[in-house]
Amino acid sequence: QVQLVESGGGLVQAGGSLRLSCAASGRTGSLYGMGWFRQAPGKEREFVAGISWSWSGNNIRYADPAKGRFTISRDSAKNAVFLQMNSLKPDDTADYSCYADQFGNRYWGQGTQVTVSS
């Protein structure tokens, strides 16, 4: 099993920044991808950003709303992934959940709330 713990959410004004962190623990061997989804009240969960890795390097993807504003990065030594969010908008308000992929399974964290005030 893999456990994920997110941190870094909070309340920020529009235009501000937040940095989310997600640390994986437990049986973290053979992880091959981590990233973030978010879910706003009354809306479906949506993909935000993800990073996958292999012997050939990293592959990073962003959803359109995140492009140019959010940056995902990884600390392989700490089994951690980060999401730097800049130029935040009220539409970014959501519960942000971290995921990790291993052996075809996807694990989820509990989520961290991000609230952007106008």
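1. D101 has a relative accessibility of 10%, so D101 counts as buried (buried means under 20% relative accessible area, exposed over 50%, partly exposed in between, with a 1.4 Å probe and protein chains only). Its partner is R106: the two side chains meet in a salt bridge, 2.7 Å from N to O. A salt bridge here is a side-chain nitrogen of Lys or Arg within 4 Å of a carboxyl oxygen of Asp or Glu. R106 is partly exposed, with a relative accessible area of 36%.

2. A note on the source. This is a predicted model, in which local features need pLDDT of at least 70 and side-chain atom pairs count only at pLDDT 80 or more, while totals for chains, interfaces and linings use all residues. Residues are numbered from 1 along each chain as its sequence is written, and side-chain values use heavy atoms, with hydrogens and water left out.

3. How many salt bridges are there? The count comes to 5. Side chains of opposite charge can pair when their charged atoms come close.

4. Look next at D92. At 2% relative accessibility, D92 counts as buried. D92 forms a salt bridge with R38, and the closest N and O atoms are 2.9 Å apart. This pair links distant parts of the chain. D92 sits in the loop between β8 (80-85) and β9, while R38 sits in strand β4 (residues 31-39), 54 residues apart. Strands (E, at least two residues) and helices (H or I, at least four) are DSSP runs, numbered from the N terminus. R38 has 7% relative accessibility, so R38 counts as buried.

5. D92 also meets R69 in a salt bridge, at 2.7 Å from N to O. Again the pair links distant parts of the chain: R69 is in the loop between β6 (57-62) and β7 (70-75), 23 residues from D92. Is R69 buried or exposed? R69 is buried, and so is D92.

6. Now the shared partners. Salt bridges that share partners join R38, E46, R69 and D92 into one network.

7. Last, the cysteines. The structure holds 1 disulfide, meaning a pair of cysteine sulfur atoms within 2.5 Å. C22 and C98 form this disulfide, with their sulfur atoms 2.0 Å apart. C22 lies in strand β3 (residues 18-26) and C98 in strand β9 (residues 94-102), so the pair ties together parts that are 76 residues apart in sequence. The torsion about the S-S bond is about -80°, so the disulfide is left-handed. Both C22 and C98 are buried.
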